[in-house]
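Work through the exercises below with the sequence and the 3D structure open beside you. Try each task before reading its solution.

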Amino acid sequence: MMDKFGFSISKGRQINYESNDRSIAEYISEKEPTFRLCIECGGCSATCTTGNFTSFSLREINILLKRGENEQVKNNIRKCMLCGKCSLVCPRGVNTRNVVTLAIQAFHNSAGHAV
Amino acid sequence: MDKHVIIIGGGIAGLEAGSKLSGQGYKVSLYEKSNRTGGHLNDWYKLFPDRRNSSEVIEYFKKIVSDSGLKIFQDTSIERIKENGNGFSIYSDKGEEVEADVIVIATGFDLFKSSRKEEYGYGIYDNVISSSDLEAMFRAGEVVRSDGKHPKRTGFVHCVGSRDEKVGNLYCSKLCCVTAVKQAIEVKELDPDAKVYCFYMDMRMGGAYYEELYREAQEEWGISFIRGKVSEVGETIDNNLIVKVEDTLLGRPLKLELDMLVLMAGMEMSEPGEKLAKASFLKTGENKFFASADHHFGSNLSSIKGVFLAGTCTMPMNITETISHARAVVPDVIDYLEKKG
Amino acid sequence: MKLEGKKAIWSEYQKEIADDRYFYVRSCIRQNFFPGSEVAFLRIMKDVLKKDIYEHPCHTTCSGIGYHGDVVPVETTMTVVARQFAIMTEAGYTNYVPSCITSFGLYTEILETWHHFPEIKERVQENLRRATGREFEIPENLAHASDIIFKFRKEIATQAKYRLVNKYTGEPLKVVDHIGCHYAKMFPSKGVGGAEYPYVLAGMVEEWGGQVIDYPERRHCCGFGFRQYLVQANRGFSVACSREKFESMAPFRPDMIITNCPGCPMFLDRWQYVIGEMEGKTYGPNGQGIPVFTYEEVAGLVLGFDPWDLGLQMHQTSCEPVLDKIGIEYDPEEKFTLNKTLAKAKKGKIFV
Amino acid sequence: MQFDIFVIPFNIGLYFILIYSVTRCIIWFRDLSRQDKLRLQRGFFGRAFVQSLREIFMESLIHRKILRSNFRLGYMHLSLAFGWFLLILFGTIEADLFGVKHLNPPYKAIFFRFFNPEHGRTGFESAYSFLMDLILAFILSGLLLAVIKRFYSQIVGMKKATRLKVVDKIALTSLWMIFPSRLLAESLTSGAYATGSFLTGSIGYWFASFLPAAELAYPFWWLYSISLGTFFILMPLTRYMHIPTELFLIFMRNSGITTGDKAGSFSEVQTHACSSCGMCIDVCQLNSSLSITHIQSAYLIKAIRHNNEISEIAHNCLMCGRCDVKCPVGIELMPIRMIQRRGSDAENTFGNIYGGYLREKRPGSADKSNFNHSYDFVPAQEPEKADVVFFAGCMTHLTPSIKNSMLKILDASGLRYTFIDEDGGVCCGRPLMLAGRTREARELINLNSEMISKTGAHYLVTGCPICFKVFKESYYLDLEVVHHTQFIKMLIDDGKVKMNFLHKRVVYHSPCDLGRGSGVYEEPREILQHVAMLEHTSFEDENSLCCGGSLGNMNINSFQKRKIATDAALKLTRDNPDILATACPLCKKTFVSATSVKVADISEIVAESLNHVNVKQEHSPMLNSAKELVK
């Protein structure tokens, strides 16, 4: 289409809540209810070992999953070193290491077969 | 004890102050503009944070009023206070004039009229309701859309009419957040697999056990909180609501379709209170509430000696604070009357 | 949709519109987008409504396109506008009627600025004096051309030959009204019905028998924005805006769209073709696209003007479906040959 | 030839179980790796043989380990195991001495009284049958305790008996029936012939007084034989298979075979040597503090053997190792659980397991999805040269007082050190291992090893036992890895640091990964004795409690972790000491929010008590440069 008109219709940045697939977030919060307690304060991503080297942020991963924007999480989640500093810092007691583990499991399962 | 105290406003502040004063033997007459006392308490079914039934609190007030023999004049709204001699005279809408040695103003607050936020479509779209409409539904036992169906997806918009320069209210009404969380839980209680969203700018859960309620809402009831001020609401062809908000924590706009939208209306100075202030040259603050003589040690004193303030006519308060504030006026009034001799 | 809720809001936004002696100022681009519109407006004002409307031969652009395009500094624009007001005063008129929404927005903005900062007004007066030696007066009443038509919508209805009603089903035509953003979004009190639920076009449609559609994305921009469509790199946003609107109004299956701004009809109309080409998706009943009209064209059709005189053949989305629904006769061959129209023009009997 | 058909069930059972056990051991032996086979052969003919025999006697029969930790439970096992062994031994001697001829088939010895009812009249014979009765009484007393334990486990000092499967229950009843039926059979026969000693004789006499003892005895001999037979037949399906398997296990262990980190023959033997005795359930703090009682090692091993749902059990454990040191059979429970965690979460990684009689070949855990490097983003580090590398670790970064104390001590040591992960560094890898993601852990290990080896240091000091354990076990570093307590001990011994005595009463909590995990018990205790008044607690060395904050358990939430921590802290600070000392940042952080007593890491105590005078003088110029660099 680009050739015909010299431009294409830009894709909106708007999250379409309905059509997004939130099955991974539901899988996690069902097995780890504290996942729902996250208030996005950023304590975890501040102390994150991996966050020291890259733009990896567990806070952002939490909200991306809850909004069903799984693609961005898929190729980032394995960067976590599971060191546990975030769970020590979290003011809401979110079991962050289990959230990461369940997320990897969910992606692994959905890659293999439907979660 | 022949001193005469007039209480303007039959809400819980007026009842509390009136009962305590008349219990001390003073001649107290309370003027209430409507045909019922208790003010807004009658509109609320379950109270935060422990969701206790409001009838229990109403019973408390009935009892203290009857015990203290407080004289209540309903259906009379006071329009003006004028100093005369070393007392006051008040003028009612029925043309009566009554003298008194001291006046306690307890005109309370008005719930913000959500229709003033046009872009949210209150009064225009069928399924946009306010928090008090929802509370009435809870009292009736079921939450129902205009088409009679139960909403599967409900949204709560915080800060409607508060912290909003466009409607002239810069202040925070303090209680809408905890009310929203309470009502969100009650919606989930009635329909466990309903989806509930709260759109907030900040969660201000400052009272006792408010934050615990917030945690419970998240963990046990699975209510999702989206940080973003709803900009506008549109109505789809089947009367659902399209909410446009930016998820600021993700930095991206979000579009969401809901079956019902609840607007958490803030608290404003009551209209009759405003009229009374203007007519009686009583000072009001920039937030339009009555201005206390001193924020710290004179919050019960108005700008006129002998005219006292009690309850939410000075600022947004929850029930506990209102009652304590009303009780605080009693010793002030008694000291004033003693000194007046 | 509770209508009384809307009416309550509309009642708050009553706007004062002059009832005669108008000084009409044309738009820079509306002739080449929809040639018949401005001529039809003048024709309606003079012949149908018998109003005194004067169009000064030396009036210029308001330079709004330059101002919004970041090419012309604001004070220069103000001096151009001051000159317009000056020639209005010289022509003895005090009611200023711009045809373009963007310039209406600009005039409102400038008048507001002058109102709050009189010292700027003095400086502009000084500029005008040095540039042209002219003096200017603030117009007594500033109203957009669509405000005028809105004001006399009843008179037009009485003289109307057609109604916006589907001849076969008797149902009122479902009409989407799209108001130019510069009309009321910047100064809600300067628009009929305010910014959230503007009534200026809705009033006309309801008066002429149509039914107004209220769809979620009705406040969304049509995509015209100067920096959007002018710069090719941003043109994708322009189309995306229009598509967002069409996706949102599609479920309501509107029959036509009525607009009051130079850009909106142009882009809502042209982008339907582009979206069709790019994504193979067309909107409107049986996929023939939703015809887009300016309010002058709709007024002309209702008054029975010949569609081709109104220049409807310039539309990208063919309007024949709407004309058939309303039952307006038209000569299909004439659409592009225009023999009869030229003959009529020679005899000076166009728009009869 | 003395024979009666009632002995047939017994014979069938006995020969079946003997042959079955031997074949199983052969199969396991065949599956051993080459070195393990060599080790086992050497073990049979070397010093290990005697050691194994001694251990079989002390552990399999006497159950010394259980006796030491729970006398009543120990006595029950002692009486049943050792008693039965004596019964068989003396029974055979009896048959040999008094029987018709020597070297009798086993049934002759077991049913001796039936074939020689007259026996027992002369002096020596009655003394011998007195001995036999004594042994039988000894067994019956243990049996009584076993019955009680099954229904009221507290009496035996056990919080909870293990839940049994149906086949376990049948085998249990048949085991319980063996000795009473022998008692009745022998008593009736003795009654009929007026022989038998104080037990069988008196009961027999009493029976004979009102019952036709002779005729009645025969059915009880049948009962005796059948219960023996069924018990032997069912044994492979039940936990009692642990009796023969444990013998083989003892030989394997004493010849130096260890579990390692792969499921193999040795780990299979161990899973079949578990007797589900429930000792691991008793010591588990998930049980005592959180009443979680379905994940302990007994159930893990049972789940492995019966291939039930494993992932929740494997992962819901603090990995503190308390059960590992308490297991009477000496099974390496932690390595087995780690193997299970390493497998893909759902499958059972044990290749072949005897669910029942026959071995079930199970698909090994499929290799994980295509392995893409997870940590390429870590930039190569260029650490400076130094003699000592200080690796703080992730947790220590969240306990800055420990970090500063360590720096102060390192400065005082006068050694050339580098604080290698000062600006964050990379995790040591153990948390990933604890979650079973060994491949990713290996990546981190390589990154860290490369960085550390560049320093050319001789010592790697770390304050965190979690890092310490993985540095020691999984890293290949050509330098000595020491925990900071060991390092401080060296400094004290070399007289490099002088410390003022703190007049504070201190109790020491030994972190799981430092004590049980790595065997470091003395150094911390000696430092504390050197610096303060160290007091005893009933949870020292191997019995130390877990603080609950372990990274090993992701399944329990923060409230549950705090409950474990509060319970443990209460026990440790019973005599309200001034300081609860520990040697792990995670233990410190967990205890701080669980007790009002001051919690301090040993490095903090040492740093506080450092004799400042000493620090100033010994500043070598080289150290100053190193220090500037660091600050």
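This is a predicted model: local features need pLDDT of at least 70, side-chain atom pairs count only at pLDDT 80 or more; totals for chains, interfaces and linings use all residues.

**Exercise 1. Which two chains share the most contacts, and which elements of chain A take part?**

Solution. 

Step 1. Four pairs of chains are in contact, and chains A and D share the most contacts among these pairs.

Step 2. Count the residues on each side: chain A gives 22 residues and chain D gives 22 residues.

Step 3. Find the elements on the chain A side. Two or more residues each come from α6 (85-89) and α7 (96-112) of chain A. The largest share is that of α7(A), with six residues.

Step 4. Sort the chain A side by class. Where chain A touches chain D, there are six nonpolar, 12 polar and four charged residues.

Step 5. Turn to another partner of chain A. Nine residues of chain A are in contact with 10 residues of chain C. The chain A side of this contact has four nonpolar, four polar and one charged residues.

Step 6. Chain B and chain D are not in contact, and their nearest C-alpha atoms are 12 Å apart. Chain C and chain D do not touch either, with 34 Å between their nearest C-alpha atoms.

**Exercise 2. Divide chain D into domains and describe how domain 1 meets domain 2.**

Solution. 

Step 1. Write down the bounds. Chain D is divided into domain 1 (5-242), domain 2 (260-361), domain 3 (388-494 + 611-626) and domain 4 (505-609).

Step 2. Locate the first pair. Taken over C-alpha atoms, the centres of domain 1 and domain 2 of chain D are separated by 29 Å.

Step 3. Count the contact: 20 residues come from domain 1 of chain D and 23 residues from domain 2 of chain D.

Step 4. Name the elements. On the domain 1 side, α1 (8-31) and α4 (64-69) of chain D each supply at least two residues. The largest share, three residues, belongs to α4(D).

Step 5. Sort the domain 1 side by class: eight nonpolar, five polar and seven charged residues.

**Exercise 3. What is the strand order of the open sheet of four strands in chain D, and which helix lies across β7, β8 and β9?**

Solution. 

Step 1. Give the order. The strands of this open sheet are arranged β8-β7-β9-β10 (chain D), and the pairing is parallel.

Step 2. Identify the edges: β8 (533-535) and β10 (598-601) of chain D each pair on one side only. From one strand to the next, the twist averages 35°.

Step 3. Examine one pair. Strand β7 (residues 505-508) of chain D runs parallel to β8(D), and three bridges join them. In this pair, Arg505(D) stands opposite Met533(D) of β8(D).

Step 4. Helix α26 (residues 522-531) of chain D lies across β7, β8 and β9 (579-582) of chain D, and runs at about 180° to β7(D).

**Exercise 4. Which residues of the largest nonpolar core touch the most other members?**

Solution. 

Step 1. The largest nonpolar core has 200 residues, and those touching the most other members are Ile28(A), Ala103(A), Phe390(D) and Ala581(D).

Step 2. Helix α9 (residues 166-193) of chain D gives the most to this core, with 10 residues.

Step 3. Follow one of these residues. Beyond its neighbours within four places in sequence, Ala581(D) is in contact with Val506(D), Val507(D), Tyr508(D), Leu528(D), Ala600(D), Ile602(D) and Ile605(D).

Step 4. Note the second, separate core. This core has 99 residues, including Val81(C), Ile179(C), Tyr215(C) and Cys319(C).

Methods. Residues are numbered from 1 along each chain as its sequence is written. Chains are lettered from A and ligands numbered from 1 in the order in which they are written. Two strands pair if DSSP finds at least two bridges between them. Axes are lines fitted to C-alpha atoms, for helices over the stretch in contact, and angles run from 0 to 180 degrees between N-to-C directions. Two residues are in contact if their C-beta atoms, placed from the backbone, lie within 7 Å. Ala, Val, Leu, Ile, Met, Phe, Trp, Tyr, Cys and Pro count as nonpolar, Asp, Glu, Lys and Arg as charged, and the others, Gly among them, as polar. A nonpolar core is a set of buried Ala, Val, Leu, Ile, Met, Phe, Trp, Tyr and Cys residues joined through C-beta atoms within 7 Å. A residue is buried if 20 or more other C-beta atoms lie within 10 Å of its own, exposed if 12 or fewer, and partly exposed in between; C-beta atoms are placed from the backbone. Domain bounds come from an automatic or database domain assignment.
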